[in-house]
Amino acid sequence: MSDLNKLTIKQALDGLKKGDFTSIDLTTACLAQIERLNPEINAFITVRHEAIEDAKKADESRKNGVEKPLLGIPIALKDIFMTEGIKTTATSNILKDYIPQYDASVVKNLKTAGAIIVGKTNMDAWAHGSSGENSDFGPTRNPWNTKYVPGGSSSGSAVSVASNMAFAATGTDTGGSIRLPASFNNVVGLKPTYGLVSRYGVIAMASSLDSIGHFTKTVEDSAIILNITAGRDEFDATTKNSPEDYTKDLGKDIKGLKIGSLKKYLNGADENIKKLTLDVEEKLQKLGAEIIDIDLPHSEYAIAAYYIIQPAEVSSNLARYDGIRFGEERSHFGEEAKRRIMLGTFTLSSGYYDAYYKKAMKIKTLIKQDFDKAFEKVDAIISPVSPTPPWKLGEKVNDPLKMYLSDIFTVTANLAGIPGLSIPAGFIKDNLPIGIQLLGAHFSESLLFQIGYALEKTQERRNFNI
Amino acid sequence: MKFDVKHIAKLANLTISSDEEKKFETQLEGILTYVEKLNEIDTENGQAINQITGLENVTRDDTTAPSLTQEAALSGTKNTHNGFFKVKGILDNE
Amino acid sequence: MNYKPVIGLEVHVELKTASKMFCRCSTHYFGQKPNTHTCPVCLGLPGALPYPNKLAIEWCIKIAKALGCEINKVSKFDRKNYFYPDLAKGYQISQYDQPFGENGTITVTRDKDSEEIKKIGITRVHMEEDTGKLTHAEGASLIDFNRSGVPLVEIVTEPDFENAHQVAEYLKKLQQIMRYLEVSNADMEKGEMRLEPNISLQKNGESGLPKYKVEVKNINSFKFVTHAINFEINRQEKILESEQVPTQETRGWNETKSATVSQRSKEDAHDYRYFPEPDIPPIVFSKEEIDKITLPELPDEKIQRFQKEYGLSLYDCELLTKTPATSDYFEEASKVGSSHNLTPKQIANYLINKKLDIDKILPAEVIEEILVTLQTVNITDEQMSDAIKKVFEENLGVVEDYKSGKTQVMGFLIGNVKRLLPSNIDVSVVKKALENQLQSS
């Protein structure tokens, strides 16, 4: 049995170039892993066996001297990314048979870069969820300990990379939906700056908060992917950036960098989380960075603001699902979707708009200003991703508000539009991974990669050996 | 605060069963009570930044690009008729 | 009548841009097969995003300026949320509290045969996107999304209209302005200009606005405007006279019945749950940029100038300025004509009465025609016979030739007579006069 699917993208690209193996080898290994583990883990909604054909073509191209940044690398896509000709469901019964007529811009870019799509991954339906349990097609399990949740909403994507089913996987992060499952699965998860990566063709959750990102095994791999997905898109009016090489600062030391600590906000967090956070802060100091306590005075209001703004935009974005032009009609919505649609409809309704939506947008502005002030003092911020380690499947499903509160360390970044990089920090009992996140100012992804890369080097990456 | 589930469901074009009604009412009232927290902050003179990117005037030239074929446009559903999307009769003017 | 009509108008104008408002589909959908001019954006497919059309926005500003509006330095788009099968996204991208233009005016005449001016307030001018088209057949509704996303400019007036005449004149003026600006043909029959009046009646002597209003939809052509409005005024009057208040509702004009008909009542006023469109950054103009969007000379201005410069009547000016093409034609003809001592009035009369196809004849050629017709009147019989006498005296041989049957010499005689006459004269008139003389001598 091949171990090629355990490689990183960087290693795979080097090996392909040298001719040590082929793209068919890589793709076969991934598909075999999927076949073995997916029945229990349920990371994939759709598996593409045609990927072998794509791999064959990639190998031929490579032989003919074609050079593309991701030529022949198998990747997975969260089933919220529109893929022409490949079923896309958002894991909701509403779209259970829907085959899109166009590709998302990010999908187009990844295909142009030569990547091979092995499948569409499971998620919380409509990206509504933090655990990976809210899919209409069954929950995804944490591959490190299948009794536990993988985190959500980009559950399948995180798991696919963690368990070597794909070399990278795309995701979306509206309130933590990349960073949380990344931290629960021992993988690197990037939530880019809002507006850095095109949202065109990604089924919209909350338009002012959705950030399009991805999962990889290493920080360097993450930068390689961002080079493909980032930049101005003529179909998304909220994008503007010119191309940049996000790998350029990898390997630079972090001496003298100032890193903000949110120690004072750790009181409610699990002991393991607290300890790991302080350990990482120490590591950063050993690497030469300076840890500075910072204040984010309005962060305690972030969840409240988020759970007004996000459902409001959700209620509007889900209005197009009426069963007329595609999909099933609205009675097929799951409970969580209905809940958010109603909450959002209420907060936008006549007489309530000012008190709820408008007020929440003002709080959002204050939170952004908190970060602006913080980044005058520090270059980046280090913070836990979740207040708790992964919880058991079924533990929080009956209390939506309790589930919402698990977003407490992640939503602030979405409200402020800033980037966040979640990297593995260690394991606790029951073989459960814990991650930590680096937050930076708008468009500071290169810096986050630089710091993340330095941290990564201080620890051994635990391989998934199943 | 009383959350009128029936009214909101209608506005949201959702059908809610009477079992769901009670459950949603409780849950949504709970969430709304939590978000009342925001009233602790005075935002009277605050501004709301709608576009966090700071972008302005993002427009495109008046040029055309090919549309979807009729077949592709209709491919998402079986409810079509002679190139049109078909829905149950909507009584409008007589 | 004891009641005074209080009418406000909402007019939608379809812009004739090449591409739609928020996507690059062609807007030339009229008469095309259904659902052939759509894309993920205007079809409301999952994941699609809007990208605004710059030209459409500039044209909206032009219209707002032409209507005397203030142009907002900061405008934005908002989502208007409601469910209807022809609304692909379940919301329409429109403008709510920061439209492109506000607070303009336009004037109409108070009544038919009246020169008294009535000022109409333009509340706002804003941009939005059109919906798909719904048609009904055998218990089912059919939807074509070709029209979905076409740019619309919505023009809302204050409830300043008092009668159907003012409304009809306003629409004609709007249509003309759209054609002058070249932003739309505003053809009502093609749906390029749509009208929704809000009509109520106020008891004479009472102040404040009436407590109800009725919206009328489906008035699809100019010829029904007056009918529909008068019908509705009469209908409401009857209700009020029987001590009741007309229901606040939306009614549709039914052509076959020649009446407004209550539409299936839409319970509650719509709660559109407007909020700023997150997918489109705001539009911000500097004063210089707003000033750069210039207007051509508009009909009202042109009419005033023609009256002053050419001394023509209001009626004549209105006819001459129907389109920019006819106005320019007249001015060109006047320039040529003035060097021949023709007055603007003479030229105007000729153009108006002759109903010329200005594409088939040059202004200079028209002047020639006019001169000819005028000259035929100015030559006296005496002048003609004197000229003929002289030619005969100097060309006796030619006259003999003609009399002996060589009629082809007529051309020679005509040419010589013409040369002796003060200005260009119709050849046939000369010929006739010569023939008369030759016969009688």
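A residue counts as buried under 20% relative accessible area, as exposed over 50%, and as partly exposed in between. By that scale Glu21(B), at 21%, is partly exposed. The model toured here is predicted.

Begin by selecting Glu21(B) together with Lys6(B), whose side chains form a salt bridge with N and O 3.5 Å apart. Lys6(B) belongs to helix H1 of chain B and Glu21(B) to helix H2, 15 residues away. Lys6(B), at 57% relative accessible area, is exposed.

Next, display chains A and B together. Here 48 residues of chain B are in contact with 52 residues of chain A, and the two chains bury about 4,400 Å² between them, 69% of it on carbon and sulfur atoms. Select Tyr34(B), Leu38(B) and Ile52(B): they supply 16% of the area that chain B buries against chain A, more than any other three residues.

The interface also holds three salt bridges. One to select is Lys37(B) with Glu300(A), with the closest N and O atoms 3.3 Å apart. Colouring H2(B) then shows the largest share of the side of chain B that touches chain A, ten residues. By class, that side has 27 nonpolar, 15 polar and six charged residues.

Asp79(A) lies in the loop between strand E2 and helix H4 and Lys120(A) in strand E3, so the pair ties together parts 41 residues apart in sequence. Both Asp79(A) and Lys120(A) are buried.

Finally, select Arg199(A), Asp236(A), Arg79(C), Glu277(C) and Asp279(C), which are linked in a network of salt bridges.

Key:
Residues are numbered from 1 along each chain as its sequence is written. Chains are lettered from A and ligands numbered from 1 in the order in which they are written. This is a predicted model: local features need pLDDT of at least 70, side-chain atom pairs count only at pLDDT 80 or more; totals for chains, interfaces and linings use all residues. Side-chain values use heavy atoms; hydrogens and water are left out. Contact means heavy atoms within 4.5 Å. Buried area is the accessible area (1.4 Å probe) that two parts lose on being put together, summed over both. A salt bridge is a side-chain nitrogen of Lys or Arg within 4 Å of a carboxyl oxygen of Asp or Glu. Helices (H or I, at least four residues) and strands (E, at least two) are DSSP runs, numbered from the N terminus. Ala, Val, Leu, Ile, Met, Phe, Trp, Tyr, Cys and Pro count as nonpolar, Asp, Glu, Lys and Arg as charged, and the others, Gly among them, as polar. Buried means under 20% relative accessible area, exposed over 50%, partly exposed in between (1.4 Å probe, protein chains only).
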